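I opened the model to go through its rings, helices, sheet and cores. The entries below are in the order I looked things up.

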Amino acid sequence: MNRPTLLALALVASIGCDKKPEPPAKPAAAPKADSAPATSATAAAKPPQKPATSKPAKMTWAKPDAWKNGTSRSSMRMATFVIPKQGSDSADAEMSVMQVGGSIPANISRWEGQFEGKPKAVIEKKKVNSLAVTIVSLEGTFMGGGPMMGGGAPQKDYALLAAIVDTDRGAHFFKMWGPKNTVKGSRPDFDKLVASFAPK
């Protein structure tokens, strides 16, 4: 080979050695996972809870003509009725209308405890104008029910007759107590009162 040819080959080899190889392509990065867990469709669609309400129950009733409006001894009472005494009874009967807490069975048990020996109440359930009504009857020696029920000494031959009206905002308690003859003799008017119960 002549000298010019050798020089040309040497120059080509030198250029090839100086060229740096290209780095390999980086693999594509995997997509990052969301930091927050995915919310399921069921959880996302869960309806909000209905807030509790303390509003009074909506219902109406009509006082029997023979009963009188009485003076309520407590701000918890919605109404007080006086039932005129009958026969040989020496005192009138009284009815309180209240909307109080506690379950219906718990209130009935408390009423049973207001009589000597805690007699078992006679219970009747019925529907009145779409309202669920529980009728409660008790009789015996009444031991008193605190200041709202007059308190005082035990009273023999007393009776209790009550209607508990269950509504979507709690229960109404129509509770009559007094001498047995008057309470039992007032059952027809009590039944008229119950028949007048209606949603408002």
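Entry 1: I started at Phe173, which is buried, with a relative accessible area of 4%. I take buried as under 20% relative accessible area, exposed as over 50% and partly exposed as in between, with a 1.4 Å probe and protein chains only. Before going on I noted that this is a predicted model, where local features need pLDDT of at least 70, side-chain atom pairs count only at pLDDT 80 or more, and totals for chains, interfaces and linings use all residues. Residues are numbered from 1 along each chain as its sequence is written, and side-chain values use heavy atoms, with hydrogens and water left out.

I then listed ring pairs (Phe, Tyr and the six-membered ring of Trp, centres within 6.5 Å; stacked under 30 degrees between planes, edge-to-face over 60, the rest tilted). The count comes to six aromatic pairs. Trp111 and Phe173 make an edge-to-face pair, at 6.0 Å centre to centre and 85 degrees between the planes. Trp111 lies in helix H3 and Phe173 in strand S8, so this pair ties together parts that are 62 residues apart in sequence. Trp111 is buried too, with a relative accessible area of 2%.

Next I looked at Phe142 and Tyr158, which are stacked at 6.0 Å centre to centre with 10 degrees between the planes. This pair links distant parts of the chain, with Phe142 in strand S6 and Tyr158 in strand S7, 16 residues apart. Both Phe142 and Tyr158 are buried. I also found that ring pairs link Trp61, Phe174 and Phe197 into a cluster.

**Entry 2: secondary structure.** I used DSSP runs, numbered from the N terminus: helices are H or I of at least four residues, strands are E of at least two. The protein has five helices and nine strands. I checked burial for the whole protein: of its 200 residues, 32% count as buried. For contacts (heavy atoms within 4.5 Å), I took those with a separation of 6 or more, and residues 24 or more positions apart account for 59% of them.

**Entry 3: the sheet.** In what order do the strands of the open sheet run? I read S2-S3-S4-S8-S7-S6-S5, seven strands with antiparallel pairing; two strands pair if DSSP finds at least two bridges between them. Strand S2 (68-69) and S5 stand at the edges, each with a single partner strand, so one side of each is left without a neighbour in the sheet. S5 is joined to S6 by seven bridges, and the two run antiparallel. Lys126 stands opposite Val133 in S6.

**Entry 4: two helices.** In H3 (residues 104-112) I found Ile104, Asn107, Ile108, Trp111 and Glu112 buried. They cover an arc of only 145 degrees around the axis, which puts them on the same side of H3; the arc is that of the directions from the helix axis to the C-beta atoms. Their cover includes strand S5 (122-128), S6, S7 and S8. At the N-terminal end of H3, Ser103 is the cap, with a side-chain oxygen 3.2 Å from the backbone nitrogen of Ala106.

In H5 the buried residues are Asp189, Phe190, Leu193 and Val194. They too cover an arc of only 145 degrees around the axis, which puts them on the same side of H5. Lys192 and Ala195 are exposed on the other side of H5. I see the buried residues of H5 packing against S4, S5, S6, S7 and S8.

**Entry 5: cores.** I grouped nonpolar cores as sets of buried Ala, Val, Leu, Ile, Met, Phe, Trp, Tyr and Cys residues joined through side-chain atoms within 4.5 Å. Which members of the largest core touch the most others? Among its 23 residues, these are Met95, Phe174 and Phe197. S3 (77-83), S4 (93-98), S6 (131-142), S7 (155-167), S8 (170-179) and H5 (187-195) each supply at least two residues of this core. S7 gives the largest share, four residues. Apart from this core lies another of 15 residues, including Trp111, Ala121, Tyr158 and Ala162.

**Entry 6: positive phi.** Lys118, not a glycine, has a positive phi of about 50 degrees. Lys118 sits in the loop between H3 and S5 and is partly exposed, with a relative accessible area of 45%. Ser130 also has a positive phi, near 75 degrees. Ser130 is in the loop between S5 and S6 and is exposed, at 56% relative accessible area. For reference, most residues other than glycine have a negative phi.

Notes:
Polar contact = N/O pair within 3.5 Å; in protein donor to acceptor, adjacent residues only side chain to side chain.
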